[in-house]
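Look at the model shown here.

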Amino acid sequence: QVHMIESGGGLVQAGGSLRLSCVASGRASSYSAMAWFRQPPGQEREFVAAVRWRDGSTYYDDSVKGRFTISRDAAELMVNLQMNSLKPEDTAVYYCNALAVGSIKGLYWGQGTQVTVSS
């Protein structure tokens, strides 16, 4: 069983910054990629950013390119999302996601953390 714990959400003014973190259980070799998704109020969950565990390659949705940075700490099984120049439309519940391989193969989600950006 994979456990993922997120932290770092909160309330910030437009133009401000927040840093989200997510820690996964198990071993680094169990993961292929980790990502962040978000679900704005009344909308579907959407992709934000992802990082490939093996080489650190990163991928972003166009709406956050240049403002958000995803990074991983392989030793700590942690993935971070640095969010700068936040906008009110970034308001959402942010979810950490992990793609696991091997004996625990599957897609796992964290419990979510609220990010609110005031105008």
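The protein has zero helices and eleven strands, where helices (H or I, at least four residues) and strands (E, at least two) are DSSP runs numbered from the N terminus. The radius of gyration is 14 Å, close to the 14 Å that the globule rule gives for 119 residues, so the protein is as compact as a globular protein of that length; the radius is taken over C-alpha atoms, and the rule is 2.2 Å times the number of residues to the power 0.38. Along the principal axes, the C-alpha trace spans about 45 × 25 × 20 Å.

This is a predicted model, in which local features need pLDDT of at least 70, side-chain atom pairs count only at pLDDT 80 or more, and totals for chains, interfaces and linings use all residues. Residues are numbered from 1 along each chain as its sequence is written, and side-chain values use heavy atoms, with hydrogens and water left out.

Of the 119 residues, 40% are buried (under 20% relative accessible area; exposed is over 50%, partly exposed in between; 1.4 Å probe, protein chains only). Valine 51 is buried, with a relative accessible area of 2%. Leaving aside residues up to four places away in sequence, valine 51 touches Ala33, Met34, Gly56, Ser57, Thr58, Ile70, Arg72 and Val79, a contact being heavy atoms within 4.5 Å. Among contacts in the protein between residues at least 6 apart in sequence, 52% join residues at least 24 apart.
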